[in-house]
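Please look over the sequence and the model below before reading on. The text then goes through selected features in turn.

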Amino acid sequence: MQSVDLQLRHKLAWDCVEADGRWRIEVRHRDDVPPRDVVELLARDHLRLDGLLVRALQQLNRGEAAAAAPLLRAFAAALRRHMQAEDRLLARELTPGETAAAPLAAMLREHDEIRGQLEAVEACLGADAPEAGEIGAYCAILSGTLAKHEHREESGLFPLWRAALNDLPKPMREDLLARTRSALMV
């Protein structure tokens, strides 16, 4: 199932159930089931944020800065909430010991860089007549930074966080998921 899910770009959710000595697999579209844990919630939020930025970039590529502005403002607010949840909530609760120190430090450093790039985008939006080309250039830089950042998080830090989650009692995992969902406002 993991291989099929990889080929379909992580669009599947499945449960394996044993009944009467046989295995049964229930497969659904990932969007039709809630996230199983906080790590999956964050990965889904990465996709949601990427989608917002793509829609804004499409508007900018058509020279429609006014149409892109609300999308970029929503994107910036959502991205800040996402980084704050990772920095202030999850880093404290899911990063035990030395194993995660380097990936965590990289995440925090990259978050500062991303915040700086967001400020540049927002400064362009604050102009009397926002220029689509200028905003688009800053957004392109931000898009590249985010792509690398998300990959590093999902391949380096998220597995460590998932292992830490697995060590927590179920009520604590559920509470952390609820608090993270609330912080992201999704």
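What follows covers a pair of packed helices, a set of salt bridges and a surface patch.

The model is predicted, and everything said here refers to that prediction. Two packed helices are described by the angle between their axes and the distance between the axes. For helix α2 (residues 38–61) and helix α6 (residues 170–184), the angle is about 20 degrees and the axes are 9 Å apart. Angles under 35 degrees count as roughly parallel, and α2 and α6 are therefore roughly parallel to each other. The crossing of α2 past α6 is right-handed.

The next topic is charge pairing. The structure contains 16 salt bridges. Aspartate 15 takes part in a salt bridge with arginine 28, where the closest N and O atoms are 3.1 Å apart. This pair links distant parts of the chain, since aspartate 15 belongs to strand β1 (residues 12–19) and arginine 28 to strand β2 (residues 22–29), 13 residues apart. Arginine 28 has a relative accessible area of 38% and is partly exposed. Aspartate 15 is also partly exposed, at 26% relative accessibility.

Aspartate 15 has a salt bridge with arginine 36 as well, at 3.4 Å from N to O. Arginine 36 sits in the loop between β2 and α2 while aspartate 15 is in strand β1, so this pair ties together parts 21 residues apart in sequence. With 47% relative accessibility, arginine 36 counts as partly exposed; the cut-off for exposed is over 50%.

Another salt bridge joins arginine 80 and glutamate 122, with 2.9 Å between the closest N and O atoms. Arginine 80 is part of helix α3 (residues 65–94) and glutamate 122 is part of helix α4 (residues 101–125), so the contact ties together parts that are 42 residues apart in sequence. Arginine 80, at 27% relative accessibility, counts as partly exposed. Glutamate 122 counts as partly exposed at 29%.

Salt bridges also occur in a network, which links Asp5, Arg30, Glu40 and Arg44.

Which residues form a nonpolar patch on the surface? They are Met1, Ile25 and Val27, which together have about 240 Å² of accessible area. Methionine 1 lies in the segment before α1 (2–7). Its relative accessibility is 34%, so methionine 1 counts as partly exposed.

Key:
Residues numbered from 1 in each chain as written. Predicted model: local features only at pLDDT ≥ 70, side-chain atom pairs only at ≥ 80, totals over all residues. Heavy atoms only, no water. Patch = residues over 30% accessible without salt bridge, like charges linked within 9 Å, V, L, I, M, F, W, Y side chains within 5 Å. Areas by Shrake-Rupley, 256 points an atom, 1.4 Å probe, with all protein chains shown as cover. Salt bridge = Lys/Arg side-chain N within 4 Å of Asp/Glu carboxyl O. Helix = DSSP H or I, 4+ residues; strand = E, 2+ residues; numbered from the N terminus. Buried < 20%, exposed > 50% of the residue type's maximum accessible area, 1.4 Å probe, protein only. Axes fitted to C-alpha atoms, helices over the stretch in contact; angles between N-to-C directions. Parallel < 35°, antiparallel > 145°, perpendicular 65-115°, else oblique. Left-handed = near helix turned anticlockwise from the far one by under 90°.
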